[in-house]
Amino acid sequence: MGGVSVDEAMRRAIELGARGLGTTSPNPVVGCVLLDADGTVVGEGFHAYTGGPHAEIVALAQAGERARGGTAVVTLEPCDHTGRTGPCSHALIRAGIARVVVAVPDPNPVASGGAATLRAAGVRVEFGVRADEAEAGNVAWLTSMRRGWPYLIWKYAATLDGRSAAVDGSSMWITSEAARMDVHALRGTVDAVIAGVGTVLTDDPRLTARNLRDGTLAIRQPLRVVVDSAGRTPADARVRDGAARTWIATVAEVGAGPDGRVDLPALLAELHHRGVRAALLEGGPRLAGAFLAAGLVDRVVGYVAPKLLGGGPAALIDAGVTTIADAIDLELTDVTRVGSDLRITALPRKREA
Ligand SMILES: NC(=O)c1ccc[n+]([C@@H]2O[C@H](COP(=O)([O-])OP(=O)(O)OC[C@H]3O[C@@H](n4cnc5c(N)ncnc54)[C@H](OP(=O)(O)O)[C@@H]3O)[C@@H](O)[C@H]2O)c1
């Protein structure tokens with residue numbers, strides 16, 4: 001079999017890393033491919049779950065002696081610290097790896113330093129191969145580690161005329177079953193799901209990740225967060241059903257923002273502290289408006305149904321915009337048909353301070 005280029009190996013490592021999405025948090029997703037001196041793949045691995053072996057360790061175990069003198073191609077700088085597992089930098093040195101090619105440096109001050117340790121042991125280390133792709137595959141983790149609060153995805157469902165509920169308040173169901181299944185899959189990739197107390201009082205949602213057909217819960221459940229200034233969440237609300245962990249975030253616990261309601265930056269900082277790297281904001285429109293007005297949303301995922309209501313609350317309320325020049329500008333990154341609906345993904349453009 002012919003050899004594989006470092007670039008091809010990195011593409012494969014990124015693919016492998018993505019398999020861990022949703023199960024590695026608060027750790028990153030990482031993929032690793034080992035090449036021997038001829039460029040033959042001798043080991044592959046990815047970080048599959050929190051506390052499990054790191055990608056490099058899995059790949060080294062597969063390669064055994066064939067790793068000696070070879071190249072490790074890794075999506076993220078190998079860690080240099082002893083957490084639940086030993087430092088990967090030391091394992092690579094012990095295995096006799098001659099060269100390490102990395103896509104993205106590790107921004108985590110606790111784990112970084114792997115490159116320096118490897119170089120000190122005489123291993124060649126290079127950065128930057130397919131960095132943009134690797135960055136995109138790990139965007140939630142990298143973003144949250146660099147700035148200290150979670151990557152926030154605002155998800156909503158609306159009719160084609162932008163309504164999130166009908167005049168009488170009914171909103172089940174705006175979108176098709178396929179779209180709702182898609183949302184459950186999205187919940188399975190985040191560490192927390194956030195909703196306002198208004199939504200809890202109106203819809204009494206469970207906010208769990210589950211199979212919609214038979215109700216089976218996913219093995220890994222995101223933390224359910226209710227943003228509830230005065231603690232109005234009823235004792236018998238479904239979010240308190242014990243199916244997943246729940247945090248009722250009140251002003252008493254988190255602190256108040258300028259409007260006397262829950263301080264949103266403080267809420268996100270606390271979530272980061274609790275190990276949340278990616279969070280899904282599920283509304284409603286008032287809470288979403290507050291997060292957007294504060295510039296705290298990183299990605300918008302809108303499920304738009306081919307229905308018209310002609311009345312009822314808008315999908316977004318009070319986002320701090322009163323004139324068209326101040327509209328929150330988004331960059332469309334994906335439009336996909338899901339069942340009978342459209343899923344539109346867009347990124348808020350950075351605004352001037
Ligand atoms: N179509 C969709 O995707 C979708 C999704 C969810 C909900 N909904 C619909 O939305 C409706 C409920 O929406 P809603 O706007 O009334 O409620 P909401 O956005 O779920 O919750 C708003 C409440 O959150 C609390 N809150 C705490 N801190 C806040 C802060 N810093 N900024 C803003 N709010 C804060 C406030 O009550 P306190 O001050 O008392 O805490 C506020 O009234 C329902 O009809 C539901 O069906 C639709």
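1. Nonpolar surface patch. Leu332, Val335 and Leu342 form a nonpolar patch on the surface, about 260 Å² of accessible area together. Areas come from the Shrake-Rupley method with a 1.4 Å probe, and for residues only the protein chains shown count as cover. Patch residues have over 30% relative accessible area and no salt bridge; nonpolar side chains (Val, Leu, Ile, Met, Phe, Trp, Tyr) are joined within 5 Å, like charges within 9 Å. Leu332 sits in strand 12 (residues 330-338). Leu332 is exposed at 55% (buried is under 20% relative accessible area, exposed over 50%, partly exposed in between; 1.4 Å probe, protein chains only).

2. Basis. This is a predicted model: local features need pLDDT of at least 70, side-chain atom pairs pLDDT 80 or more, while totals for chains, interfaces and linings use all residues. Numbering starts from 1 along each chain as its sequence is written, and side-chain values use heavy atoms, without hydrogens or water.

3. Salt bridges. The structure holds 20 (a side-chain nitrogen of Lys or Arg within 4 Å of a carboxyl oxygen of Asp or Glu). Arg12 pairs with Glu44, closest N and O atoms 2.8 Å apart. Arg12 is in helix 1 (residues 6-18) and Glu44 in strand 2 (residues 41-46), so the pair ties together parts 32 residues apart in sequence. Helices (H or I, at least four residues) and strands (E, at least two) are DSSP runs, numbered from the N terminus.

4. A second bridge. Asp191 and Arg220 meet at 3.1 Å, N to O. Asp191 is buried at 8%; Arg220 is partly exposed at 26%.

5. A network. Salt bridges link Asp7, Arg130 and Glu133.
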